[in-house]
Amino acid sequence: MKRVEMKERAPLERAKDFNPVTLGYTKEEAVKEASRCIQCKNPLCVEGCPVGIRIPEFIKKLSEDDFAGAVRVLKDTNDLPAICGRVCPQETQCEARCIIGKKGQPVAIGDLERFVGDWAIGAGMSAGESVSKQKRPKGRKAAIIGSGPAGLTCAGNLAKAGLDVTVFESLHLFGGVLRYGIPEFRLPGRIIESELRYLKSLGINFVSNVLVGRTLTIDEIMKEYGLIFIGTGAGLPNFLGVPGENFNHIYSANEFLVRLNMMHAFDFPQYDTPIYIGKKVVVVGGGNTAMDAARSALRLGAEEVTLVYRRSENEMLARRVEIAHAREEGVKFMLLTQPVEFLGNEKGFVRAMECVKMELCRPDDAGRCSVKPVAGSNFIIPVDMVIVAVGLLPNPVVPSLTPELKTDGHGYLVVDSDLMTAVPGIFAGGDIVGGDTVIEAMGMAKKASEAMLRYAADK
Ligand SMILES: Cc1cc2nc3c(=O)[nH]c(=O)nc-3n(C[C@H](O)[C@H](O)[C@H](O)COP(=O)(O)OP(=O)(O)OC[C@H]3O[C@@H](n4cnc5c(N)ncnc54)[C@H](O)[C@@H]3O)c2cc1C
Ligand code: SF4
């Protein structure tokens, strides 16, 4: 039986607004797709999931029309299914291992997960209905720093184990990159809100506008809570380090996406956050952030959006589906190209970009090709806006203000195999430790929360 493909809006229609690109399964479609799973005795799909979702079990419930049962199985290991179902790279994880995929298309595990997550939201299922009751060790507290997928997962696991959990977030809204990075057309804010409501129903206390390190120190929090998880992510933009990068109308992808997602720049003048959108926009980079920035710029009215990437499409780190969506919507790709200088006008605004062509060299040990410039291949293209999306570095605030938490040469927190930092009782996970995806962050947080419970029990 062929995989049930999820319906999408037509590219030229969706490229004009921020409404969702993919439309989700109907009940009938979900049940039909679920029936493709052959319920393997040794389900390799589960091995491919960093949080160990019992995939065949939730799919079986779904195929039997037991949606509430499917929610219970999913929520046992994952508090954010409606989010993961939308943004996780299933194609390289659970679905890559699915046995059905050996001869045909793998079961659409991610789309089914999204269906179940959305169904739970629609049915208003709260924690009481979906989480098995646990014995509550009285009086144990834990503080979570950062409300991205790592922090939320750790908070959920500790709350389910009965701890009194408080999440501290420096921004005014919760969700980390889910909220300020990934745009509405891929992950609607109402989905994040619903998953947060669910977490609140577990009894978690959320506190915004607290920049830990400054508003409160780690020491102060440790004195009150005795157990900490740091999930402060990688929010520090990398730059190209080429001349002219400070001209006006050159943004980091972070600044651009934060303005859009958290400060409603796309609603100007209803919201007081202006954002300039050029006619000829270039986005530099090849990851999910670059795709999100390029597709957002297109939606905000740029006449032409070109993605400039120094390797070939094979090496792009973005999800294949996002690359395909960007192309369909009209983003142009200029591959094997590296910016070497930005040129400005007399008023200090970017007007052009000098690039050099690149060529791929032999793959390294990890199978990734490096690149080198082609001598004499420089050329100039006119641009009036640039978004630089060439990676993010670990958030430096907590580590720099708390030197006892050791960092490696790149600023990532150093942790042991239990994800405990150099300070006993303080654990960390997600991008601040070196993760790369939502589900990796969640996987680390799950592991850390288990170690935190063992640590707390020993005290
Ligand atoms: C634009 C973009 C698109 C992406 N798309 C995908 C995708 O499609 N699929 C995927 O799997 N991954 C994607 N990623 C990567 C993924 O979002 C991250 O790997 C993941 O969010 C990391 O989670 P985290 O909890 O470690 O950190 P974050 O999500 O970064 O959350 C950290 C939180 O900590 C807060 N914080 C930082 N410092 C402090 C402090 N001192 N005090 C209090 N709070 C603090 C921050 O404000 C933030 O809310 C994308 C990333 C970006 C930038
Ligand atoms: S590997 Fe594929 S077919 Fe087997 S249990 Fe997992 S999802 Fe079902």
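Trainee: Which hand is the crossing of helix 2 and helix 8?
Mentor: Left-handed, that is, the near helix is turned anticlockwise from the far one by less than a right angle (clockwise would be right-handed). Helices here are DSSP runs of H or I with at least four residues, and strands are E runs of at least two, numbered from the N terminus. This is a predicted model, where local features need pLDDT of at least 70 and side-chain atom pairs 80 or more, while totals for chains, interfaces and linings use all residues. Side-chain values use heavy atoms without hydrogens or water, residues count from 1 along each chain as written, and chains are lettered from A and ligands numbered from 1 in written order.

Trainee: At what angle do helix 2 and helix 8 pack?
Mentor: About 140 degrees, with the axes of helix 2 (residues 27-34) and helix 8 (residues 109-122) 10 Å apart. Helix 2 is therefore oblique to helix 8. Axes are fitted to C-alpha atoms over the stretch in contact, with angles from 0 to 180 degrees between N-to-C directions; under 35 is roughly parallel, over 145 roughly antiparallel, 65 to 115 roughly perpendicular, and the rest oblique.

Trainee: And which residues meet there?
Mentor: From helix 2, Lys 27, Ala 30, Glu 33 and Ala 34 meet Leu 112, Phe 115 and Trp 119 of helix 8, contact being heavy atoms within 4.5 Å. That contact has five nonpolar, no polar and two charged residues. Nonpolar covers Ala, Val, Leu, Ile, Met, Phe, Trp, Tyr, Cys and Pro, charged covers Asp, Glu, Lys and Arg, and the others, including Gly, are polar.

Trainee: What about helix 10 and helix 18?
Mentor: Their axes come within 8 Å and cross at roughly 35 degrees, and the crossing is right-handed. By class, their contact has ten nonpolar, three polar and one charged residues.

Trainee: Switching topic: which residues are around ligand 2?
Mentor: Among them are Cys 37, Cys 40, Cys 45 and Cys 98, along with Ile 38 and Pro 43; the test is a heavy atom within 4 Å. The shell has ten nonpolar residues, with no polar and no charged ones.

Trainee: Last one, what's the radius of gyration of the protein chain?
Mentor: 23 Å, which agrees with the value near 23 Å for a compact globule of 459 residues. The radius is taken over C-alpha atoms, and the globule rule is 2.2 Å times the number of residues to the power 0.38. Along the principal axes, the C-alpha atoms fill a box of roughly 65 × 60 × 50 Å.
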